[in-house]
Amino acid sequence: MKKLQVNSTYILFDSIDELDKDIQHLMNIAIEARKKAYAPYSKFSVGAAIILDNNQIVTGNNQENAAFPSGMCAERVAIYSAGAEFPNNTIKSIAISASSLKQKVSQPVAPCGACRQSIAEYEFRQKSPIEIYFMGELGNVIKVNSLKDLLPFGFDSSFL
Ligand code: THU
């Protein structure tokens, strides 16, 4: 028997101002997308912006539904849109921002488990890592260099 450890690395930025200019721009686009979210039930809005290898930017935001499980998270709206429109391009980075009408969200909001699984599918498909930047409405931003840092022991099609 062996006891092993899984390590994840992330980079913590004090605020959006500390990001490189191009990523700051991507995060600002995610923030604008967030403002257009349809979140009448949770009052929790999320925006995502993806940049591809051809520098095309694709956005998404959460779309809720009176039948709650029929709603969809921002990250998956964005990544499925990228997959639908640009199936032959590689995703370089995703920027995510979340806010709530109930409280100020000043902590970074990480993608949910289902979104992590969806992003994992695209990393596996394109055979290269996707950088993920996430924040709340203000405050710190976290960056991971790959989805694998958020989802160790992932499930992918190599098991099928
Ligand atoms: N939500 C996202 O858009 N992304 C996540 O990763 C977490 C949750 C949305 C889903 C729902 O509309 C609202 O936030 C509250 O869960």
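**Entry 1: Glu 131 and its partner**

I looked up Glu 131 and found that it is partly exposed, with a relative accessible area of 24%. I note at the outset that this is a predicted model. Glu 131 forms a salt bridge with Lys 143, and the closest N and O atoms are 3.5 Å apart.

As a general point, side chains of opposite charge can pair when their charged atoms come close.

I next examined Glu 123 and Lys 148, whose side chains meet in a salt bridge at 4.0 Å, N to O. This pair links distant parts of the chain, for Glu 123 is in helix 3 and Lys 148 is in the segment after strand 6, 25 residues apart. Are the two partners buried or exposed? Glu 123 counts as buried because its relative accessibility is 5%, whereas Lys 148, at 60%, counts as exposed.

I also recorded the salt bridge between the side chains of Lys 104 and Glu 137, at 3.3 Å from N to O. Lys 104 lies in the loop between strand 4 (91–100) and helix 3 (113–126), and Glu 137 in the loop between strand 5 (131–135) and strand 6 (141–144); the pair, 33 residues apart, links distant parts of the chain. Lys 104 has 55% relative accessibility and therefore counts as exposed. Glu 137 is partly exposed, with a relative accessible area of 25%.

**Entry 2: Ser 97**

I turned to Ser 97, which is found in strand 4. Its relative accessibility is 0%, so Ser 97 counts as buried. Where does a polar atom of its side chain lie 2.8 Å from a backbone oxygen? The oxygen is that of Gly 136. Leaving aside neighbours within four places in sequence, I listed the contacts of Ser 97, among them Met 27, Ala 30, Ile 31, Arg 34, Met 135, Gly 136 and Glu 137.

**Entry 3: the nonpolar cores**

I looked for the residues that touch the most other members of the largest nonpolar core, which has 24 residues. They are Ile 50, Ile 91, Ile 94 and Ile 132. Strand 2 (44–52), helix 2, strand 4, helix 3, strand 5 and strand 6 each supply at least two residues of this core.

Not counting residues up to four places away in sequence, Ile 94 touches residues including Leu 26, Ala 49, Ile 50, Ile 79, Ile 119 and Ile 132. Glu 131, with which these entries began, is also touched by Ile 94. A second, separate core has 14 residues, including Ile 16, Ile 23, Ala 49 and Tyr 133. Ala 49 and Tyr 133 are also among the residues that Ile 94 touches.

**Entry 4: a nonpolar surface patch**

Finally, I examined the surface. Tyr 38, Tyr 41 and Phe 68 form a nonpolar patch there, with about 350 Å² of accessible area together. Phe 68 lies in the loop between strand 3 (57–61) and helix 2 (74–85). I asked why Phe 68 counts as exposed. The reason is its relative accessibility of 59%, because exposed means over 50%.

Notes
Residues numbered from 1 in each chain as written. Predicted model: local features only at pLDDT ≥ 70, side-chain atom pairs only at ≥ 80, totals over all residues. Heavy atoms only, no water. Patch = residues over 30% accessible without salt bridge, like charges linked within 9 Å, V, L, I, M, F, W, Y side chains within 5 Å. Areas by Shrake-Rupley, 256 points an atom, 1.4 Å probe, with all protein chains shown as cover. Helix = DSSP H or I, 4+ residues; strand = E, 2+ residues; numbered from the N terminus. Buried < 20%, exposed > 50% of the residue type's maximum accessible area, 1.4 Å probe, protein only. Core = buried A, V, L, I, M, F, W, Y, C linked by side-chain atoms within 4.5 Å. Contact = heavy atoms within 4.5 Å. Polar contact = N/O pair within 3.5 Å; in protein donor to acceptor, adjacent residues only side chain to side chain.
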